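Have the viewer open and follow along.

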Amino acid sequence: MTAAVPRVAVLDYGSGNVHSAVKALAAAGAEVELTRDPRAVQAADGLLVPGVGAFDAVMQQLRDVRGDELIDRRLAGGRAVLGICVGLQVMFARGVERGVETEGLDQWPGTVRELDAPVLPHMGWNTVTAPEDSRLFAGVADERFYFVHSNAATEWTIEGRTPSTRPRVTWAEHGERFVAAVENGPLSATQFHPEKSGEAGIQLLRNWIATF
């Protein structure tokens, strides 16, 4: 019997550059649908939440299509979600950008803020430091990934009760150390763009799909 092709919904809420994410997921072996339909979002094996632009604008766009509720519902049921770039940032409790403080989705405590770096935005290829037991970075932990951002989370405070529930946090540096990726139960996210990171990014997406 042929194994079913994993289905991934890309949340269509107005964020830019979603078509490269759709193409990368297809290259990683998924059947992909760009949608905001609640039934399609819930039925998919995985949900990808893209994010380009300002934290406050992305949060408003998400709420306009009830994306916050869709993400909550999936995570409550243990269903896989992957946030990318600002899609990672909005998973934190709040973001501060250009002096504007905005409430995030509050899946994780903490504040996203502007990096203390000599050059912003942080744009281009960079290495990451992933934990040895990372599933996302299996086989690509030593590769470089493509970043485009000025803000980031620079602290992580959640510790699991047991090793099996401890979130896996991957770090990178630009001026200071920041969160490059998180694997936390059904919720994963990357600050970089796997869809712009060549074969290493495609492999990371394959690794995520393999967790379904």
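The questions below take one label at a time.

Q: Before we start, what kind of model is this?

A: It is a predicted model, so please read every value here as computed from that prediction.

Q: Why is serine 197 called buried?

A: The relative accessibility of serine 197 is 3%, and buried means under 20%, so serine 197 counts as buried. You will find serine 197 in the loop between strand E13 (187–190) and helix H6 (198–209).

Q: What makes the approach of the serine 197 side chain to the backbone oxygen of histidine 193 a polar contact?

A: The side chain of serine 197 reaches that backbone oxygen of histidine 193 at 2.6 Å. The cut-off for a pair of N or O atoms is 3.5 Å, so 2.6 Å falls within it.

Q: Why is isoleucine 158 called partly exposed?

A: Isoleucine 158 has 25% relative accessibility. Buried would need under 20% and exposed over 50%, so isoleucine 158 lands in between and counts as partly exposed. Isoleucine 158 sits in the loop between E10 and E11, and its C-alpha atom is separated by 9.7 Å from that of glycine 110, 48 residues apart along the chain.

Q: Is glycine 53 exposed or partly exposed, and why?

A: Glycine 53 has 49% relative accessibility, and exposed means over 50%, so glycine 53 counts as partly exposed. Glycine 53 belongs to the loop between strand E3 (46–49) and H3. From glycine 53 to proline 131 it is 29 Å in space, C-alpha to C-alpha, and 78 residues in sequence.

Q: Why are arginine 66 and arginine 98 called exposed?

A: Arginine 66 has 52% relative accessibility, and arginine 98 has a relative accessible area of 65%. The cut-off is over 50%, so arginine 66 counts as exposed, and so does arginine 98.

Q: What is to be noted about phi in arginine 66 and arginine 98?

A: Phi is near 60 degrees in arginine 66, a positive value in a residue other than glycine. For arginine 98, phi is near 55 degrees, again positive in a residue other than glycine. Arginine 66 is in the loop between helix H3 (55–64) and helix H4 (67–76), while arginine 98 is in the loop between E5 and strand E6 (100–103).

Q: What makes phenylalanine 92 and tryptophan 156 an aromatic pair, and why is it called edge-to-face?

A: The rings are 6.0 Å apart, centre to centre, with 90 degrees between the planes. Pairing needs centres within 6.5 Å, and edge-to-face needs planes over 60 degrees apart, so the pair passes both tests. Phenylalanine 92 in strand E5 (residues 92–97) and tryptophan 156 in the loop between strand E10 (151–153) and strand E11 (168–174) are 64 residues apart, so the pair links distant parts of the chain. Both residues are buried. A search of the whole structure finds ten aromatic pairs, and one aromatic cluster is formed by Phe137, Phe145, Phe147, Phe178 and Phe192.

Q: How do you know that arginine 177 lies over the face of tryptophan 171?

A: Arginine 177 is 3.7 Å from the ring centre of tryptophan 171. The distance cut-off is 6 Å, so 3.7 Å meets it; arginine 177 is listed as lying over the face.

Q: Which residues have a cis peptide bond between them, and what is omega there?

A: Leucine 120 and proline 121 are joined by a cis peptide bond, with omega about 5 degrees. Proline 121 is in the loop between strand E7 (108–114) and strand E8 (122–127).

Q: Why does the lining of the largest cavity have one charged residue by class?

A: The lining consists of Gly16, Asn17, Ala21, Leu48, Pro50, Gly51, Val52, Ile84, His193 and Glu195. Asp, Glu, Lys and Arg count as charged, so Glu195 is the charged one; five nonpolar and four polar residues complete the lining. The volume of this cavity is about 50 Å³.

Q: How much space lies in the largest pocket?

A: About 320 Å³. Of its 18 lining residues, the closest to the centre are Arg135, Gly185, Pro186, Ser188 and Thr211.

Technical notes:
Residues are numbered from 1 along each chain as its sequence is written. This is a predicted model: local features need pLDDT of at least 70, side-chain atom pairs count only at pLDDT 80 or more; totals for chains, interfaces and linings use all residues. Side-chain values use heavy atoms; hydrogens and water are left out. On a 1 Å grid over the protein atoms alone, a cavity is a set of points where a 1.4 Å probe fits but cannot get out, and a pocket is an open set with protein on both sides within 12 Å along at least five of seven lines; lining residues have an atom within 4 Å of a point. Grid points are joined across faces, edges and corners, and a volume is the space filled by probe spheres set on the points. Rings of Phe, Tyr and Trp (its six-membered ring) pair if their centres lie within 6.5 Å; planes under 30 degrees apart count as stacked, over 60 as edge-to-face and the rest as tilted. Helices (H or I, at least four residues) and strands (E, at least two) are DSSP runs, numbered from the N terminus. Buried means under 20% relative accessible area, exposed over 50%, partly exposed in between (1.4 Å probe, protein chains only). A charge sits over a ring if NZ of Lys or CZ of Arg is within 6 Å of the ring centre and within 35 degrees of the ring normal. A polar contact is a pair of N or O atoms within 3.5 Å; within protein, one must be able to donate a hydrogen and the other to accept it, and residues adjacent in sequence count only if both atoms are side-chain atoms.
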